[in-house]
Amino acid sequence: MSTASSAPTYQSGKDSVAPTAGISDEARGAALQFLTALAKEVSSGTVDLPCFPDIVIRIRNALADPSTTSEQTVTIVGAEPRLAARLLQTANSAAFNQSGKPLTDLRSAITRLGHQLVQSAAMAFAVQHMKNEKSLRSIAGMLGELWKQSIIVASLCQQVAARTKINPDEAFLTGLLHGIGRLYIMVRAVGKSAEFKDPNAFVSLVAGWHASIGKAVLENWGFDETMCEAIGSQTDLDRSRRGREADLADILVASIALSRGLAVKDDAEAQIAGPRAFAVLGLTAKECVTLSAHANKRLGSLQEVLGC
């Protein structure tokens, strides 16, 4: 098998989905072939995610269109009663209802949450729906773990963004969607495990491909370019350069690193040692401890309302 240095690069919007570097082990052939085909597919504009509710994309398109009225948005959301109920629950939750004033109508719930958090709640609904699908039962546990991790990263993104000019709700949604590439690969790989001769090699390859594939999926769904760029750059720990303002990608890279630190209980100095994003954000080890504590404090309420 040829190495990645001679492998093609597949276009994704203005950029590309690039194969993982250094793949020469023949045992990884089947997994590499699968991921290559998947990358070509999403890069050509085809997104095929079995069991993913269309209502989520309809809501995203409606919210992105300035001509969409609030009445139209309410009609779209109201067409799926389970989603409408989740939005009301989210708007009235301790995590998103700072005033403590209860809401009973969908229009007010959507207004309180705002576009980004409405999309966040819709994604939570989608993952729950997929977990309950019989055809995806074999990966239900993995979907749940991925979503749990996504909520952790989202909470950290929101806390980090509050120190910058980036909208915290936009950062929250970015964190929630950072694993969309893994989710896409995971769902499309259902029933193909026998084809992957080395499961460990497949997992290793996914680590190198998921960011680019996730970016391409979100581009095809029409998400904001800044968010797509951040998703695509999440594994690039050296992308940040001094002398510029922090951006959404910096926030995501730093938040993913902090989430890993929480998982393994690393000290703060170790967490900020790798990614250059911490320097661009101006985050010290002491500040990271504080941010992580605040994010961790909100996890219970966030997982209660957005968990699956």
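Let me start with Lys131, which is partly exposed at a relative accessible area of 23%; the class lies between buried, under 20% relative accessible area, and exposed, over 50%, with a 1.4 Å probe and protein chains only. This is a predicted model, where local features need pLDDT of at least 70 and side-chain atom pairs count only at pLDDT 80 or more, while totals for chains, interfaces and linings use all residues. Residues are numbered from 1 along each chain as its sequence is written, and side-chain values use heavy atoms, with hydrogens and water left out.

Lys131 belongs to helix H5, residues 106-131. Helices here are DSSP runs of H or I with at least four residues, strands are runs of E with at least two, and numbering goes from the N terminus. The protein has 14 helices and two strands.

What does Lys131 touch, leaving out residues up to four places away in sequence? Ala140, Leu143, Gly144 and Cys308, with contact meaning heavy atoms within 4.5 Å. Gly141 is 10 residues from Lys131 in sequence, and their C-alpha atoms are 7.9 Å apart.

Now the core. The largest nonpolar core has 96 residues, and Phe52 and Trp221 are among those with the most contacts inside it. Such a core is a set of buried Ala, Val, Leu, Ile, Met, Phe, Trp, Tyr and Cys residues joined through side-chain atoms within 4.5 Å. H5 gives the most to this core, with 14 residues.

Beyond neighbours within four places in sequence, Phe52 contacts Ile57, Met123, Ala126, Met130 and Trp221. Overall, 50% of the 308 residues count as buried.
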